[in-house]
Structure formats: structure tokens, C-alpha cells
Amino acid sequence: MEGVFAQTLVSGILIGFVYALIAVGLTMIFGMMDIVNFAHGEYLMVAMYFAYWFFVLFALDPLYSLPIVTLLLFLLGVVTYYVFIRPIINAPMLSQIFVTFGILILLRGVAQYLWTVDYRMIPQALTSGNVSVFGVYVGISQLVAAAGAIICNGLIFWFLKSTRLGMALEAVAEDKESARLMGINSDRMFALAWGIGIATVGVAGGLLASFYYVFPEVGSNFCLMAFVVVALGGFGSVPGAFIAGIIVGMVEVLSGYLIAPSLKFMFVLLLYLAVVFIRPQGLMGRK
């Protein structure tokens, strides 16, 4: 029993790191522009399809195609900003919601048209197999995904806190009018934020494609978890999203193990409601 519990706990922590990586992009976009990207999960789906087709067409393992997928998602994020988001930055919130939700429908519809609703999976990824860590068997793909998520989160935090460009992003997030007076081009910073925010799900999608099924609705569950993570960690807080991702991952798997697998999402959503009512700003967010 103790071995199964330890196995479950480790699985929750590992998937929590991936949730944190997905949520970091979501919270970064919101922190910059106060826009909630409802299509965030669909960009994850696109990244997973990219990784899958690179494997099928060019025999490139997801680990090798990861830099290409990340770059493609970065460019897709920048294009999304200039085509869809830039015109509605100062529009009412309802208009912003309709636009990002429309992107969700568009990306999912295109995926269903091009690749049907079939489930696909990479049969033999480079990271296939299991490894024993202190008596707990863990998938190598899950370990690699968790390690990639930790590295990517660390790089984003370092970028924001230790580089001039990162500090410019934070300045625009704090007060775009004052930043503009200091010579910072807020329009370019918004585009960069969208590029980096979508690139994070590019990393997550490339890592997940090694061990998770690829289909047009795959982003829905991950995006739902990302919203919970962002709410728990605090909108706009990168460290908060990282910590909250681990918490949500553990709550999901432990509730599924201790109570019932069919109810695990219910407890995650109860956690979300508790955060909304008790501490709306999240663990590390600001009021």
C-alpha cells in the first residue's frame, strides 16, 4: 500500500510540473494585458500535433523536434497577437473573451478537419520505458517532461528578473503608460509576451507528445487545470504558477487514488472554488 501511495504521489508531482509550465504562459499573457487566453489549450494541441508529424514524416523524436516546435509556437503566438489581439487590446472584456474563444473554435475545427478526431500516439519515443527511483517506478518520458518543465520555468523566471528585456516586460505589465514614457515600446512587449506565453505550451506539448495521446480536444483538460493553477498561484505570478502546479497535480492524483478516479477533477475544481472565495488573489498574486 505504501509503495502504491508513493507511486501516486510522485506521479502527481511530475504532472504538476507540466501543469505549472502550461500555466506560466497563461499567467504571463494575463499579467501583461489582463486578457485571458481561452485558446491556450488549443495551442498545446497544435504543439503536440507538430511533434507527432515531425516524428511520422521526418522520424524526428519529440525530444529532437522540441526546439523547432517551440520556435513555431513562438511565431504562432506573435502572429496571433498582431492579427487577433492587437485590435481588441482596449476593447471591452466581453469582446476579448469572444476573440480568444473564437481562436479556440478555429484551431480545434482546423485540427478536426485536417486530422479527424482519431487518437494518435508516438509508438516508440526516445524516452520510452520506466526507471526505478528509490523503489518507485516512474516513466522516463514523465521524468524528462518534469525536468523540461522545471528548466523552462527557471529560464523564464531568470529572463524576467535578470535581463533588460525581461525587466521591460515587467515594466509594461506594471504600468504601460509610464513604460512608454521611458522609451519602452509596449506593442512589441505585448507581442513578445504572447510569443513567450505560447512558446511555453510549445515546450509542454513537445514533451507530452512522447507519452500522451494526440487528438483535437487534448488541450481541454490541460487548459482547465492551467486555469486552476493560475487562480491558485495568483494571476500574473510566475513563481505562484509553479508552486500551484505542483499542488494541483498532487490534489488530482491523490483524490483519484484515495477516493475515486472519476471524482478527481471534482476535487481540483473544489480547490479552485475555495481559492476564489477565500483568497481571490491566489497564493502569490496581488489584490
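Guide: Buried means under 20% relative accessible area, exposed means over 50%, and partly exposed is in between. Also, keep in mind that this is a predicted model.

Visitor: Okay. So is Glu 42 buried or exposed?
Guide: Glu 42 has a relative accessible area of 2%, so it's buried.

Visitor: Which side chain does Glu 42 meet in a salt bridge?
Guide: That's Arg 108, at 2.9 Å from N to O. The two sit in distant parts of the chain, 66 residues apart: Glu 42 is in helix H2 (residues 40–58) and Arg 108 is in helix H4 (residues 93–115).

Visitor: And is Arg 108 buried or partly exposed?
Guide: Partly exposed, since its relative accessible area is 21%.

Visitor: How many salt bridges turn up in the whole structure?
Guide: Five. Among them is the one between Arg 86 and Asp 187, at 3.3 Å from N to O.

Visitor: Where do Arg 86 and Asp 187 lie?
Guide: Arg 86 is in the loop between helix H3 (62–85) and H4, while Asp 187 is in helix H8 (residues 186–208), so the pair ties together parts 101 residues apart in sequence. Arg 86 is partly exposed at 44% relative accessible area, whereas Asp 187 counts as buried at 19%.

Visitor: New topic: what do the side chains of Lys 161 and Glu 170 do?
Guide: They meet in a salt bridge too, at 3.2 Å from N to O. Lys 161 is partly exposed, with a relative accessible area of 44%, and Glu 170 counts as partly exposed at 31%.

Note on methods: Residues are numbered from 1 along each chain as its sequence is written. This is a predicted model: local features need pLDDT of at least 70, side-chain atom pairs count only at pLDDT 80 or more; totals for chains, interfaces and linings use all residues. Side-chain values use heavy atoms; hydrogens and water are left out. A salt bridge is a side-chain nitrogen of Lys or Arg within 4 Å of a carboxyl oxygen of Asp or Glu. Helices (H or I, at least four residues) and strands (E, at least two) are DSSP runs, numbered from the N terminus. Buried means under 20% relative accessible area, exposed over 50%, partly exposed in between (1.4 Å probe, protein chains only).
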